[in-house]
Amino acid sequence: MGRLNGKVAIVTGAGRGIGRATAKLFAAEGAKVAVLSLTPANVEAVVADIEADGGTALGIATDVSDADQIKAAIEQVAATWGGIDILVNNAFDPSVVQSPVIELSVEQLQRNFDTGPIAFLRTMQAAYPHLTASGEGRIINFASLAGVAGLPPYAPYNMAKEAARALTRVAAREWGVDKITVNNVLPVADTWGAKANNIPAPDTPLGRFGSPEEDIAPVVLFLATKDAQFITGYSLTPDGGAIIDAAR
């Protein structure tokens, strides 16, 4: 415990699933956590959970496809707590991720980019001065092994997630001099819950999907800590061995 004592972290898409698990773990490890998500009720619930466990949280309902909302959220966090040390870009719009290539519209693709790499870019740019001032800034962006593997019919999602990986690699090279590390996480996880139907069997050597709380959030935590200070520009894959080395 206490691995993030004194740190200020922002987690986007923190209202549910992996984002929620990450925000709660960061708070349990001593960070002050800004919970950003589109749905106010989800934001309030996560903040309440964190505070009930003795942690410190700030909830900000945020549409990450809106540049002004991103800027305002980053400024609010920095003004409230005096800086920013960790940025986790996890949010995306899950409603428009499927389309075969032949049917993919520019409008659908744009929505995936607006809530994916473009949103990542905007949060990174807005947080950059604060991450630089931190002296050990951390950025963790969520990509997907679906993009690495070219999994159909997720053409727009895959394109956006691979663009996020490219952004991560370039930022890692450019911002290393500022003592900011920038890495990707490509998880395979159960984010839909027990009531979901028609979920395919896990195609992993470990024979299961990852748990957001037990398998994915701890990997994000590792990248946010001093233990990962010499890792940057990397895609870390808590995926149960789904792609092994061949596709990395």
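Visitor: How far apart are the mean positions of the positive and negative charges of the protein?

Guide: This is a predicted model, in which local features need pLDDT of at least 70 and side-chain atom pairs count only at pLDDT 80 or more, while totals for chains, interfaces and linings use all residues. Residues are numbered from 1 along each chain as its sequence is written, and side-chain values use heavy atoms, with hydrogens and water left out. Lys and Arg count as positive and Asp and Glu as negative, without His and the chain ends, and each charge is placed at NZ of Lys, CZ of Arg, CG of Asp or CD of Glu. For the 19 positive and 26 negative charges of the protein, the mean positions are separated by 5 Å.

Visitor: What radius of gyration does the protein have, and why does it agree with a compact globule?

Guide: The radius is taken over C-alpha atoms, and the globule rule is 2.2 Å times the number of residues to the power 0.38. The C-alpha atoms fill a box of roughly 50 × 35 × 35 Å along the principal axes. Because a compact globule of 248 residues would have a radius near 18 Å, agreement is found with the protein's value of 17 Å.

Visitor: What percentage of the contacts with a separation of 6 or more is accounted for by residues 24 or more positions apart?

Guide: Contact means heavy atoms within 4.5 Å. The protein has eight helices and seven strands, which are DSSP runs numbered from the N terminus (helices H or I, at least four residues; strands E, at least two). Among contacts with a separation of 6 or more, the share of residues 24 or more positions apart is 68%.

Visitor: Is F26 buried or exposed?

Guide: F26 lies in helix α1, residues 17-28. Beyond four places away in sequence, F26 touches residues including L4, V11, V33, V88 and L221. With a relative accessible area of 0%, F26 is therefore classed as buried.

Visitor: What is the relative accessible area of T181?

Guide: T181 lies in strand β6. Leaving out residues up to four places away, T181 touches G137, R138, I139, Q229, I231 and T232. T181 counts as buried because its relative accessible area is 8%.

Visitor: How far apart are the C-alpha atoms of D68 and T232?

Guide: D68 is placed in helix α3, and D68 counts as exposed at 63% relative accessibility. D68 and T232 are 164 residues apart along the chain, and their C-alpha atoms are separated by 29 Å.

Visitor: Which residues does a cis peptide bond join?

Guide: P153 lies in the loop between α6 and α7. Y154 is found in that loop too, and Y154 is partly exposed at 25%. The cis bond, with omega about 0°, joins P152 and P153.

Visitor: What value is phi of K179 near?

Guide: K179 is in the loop between α7 and β6, and at 55% relative accessibility K179 counts as exposed. K179 is a residue other than glycine with a positive phi, near 60°.

Conventions:
Buried < 20%, exposed > 50% of the residue type's maximum accessible area, 1.4 Å probe, protein only.
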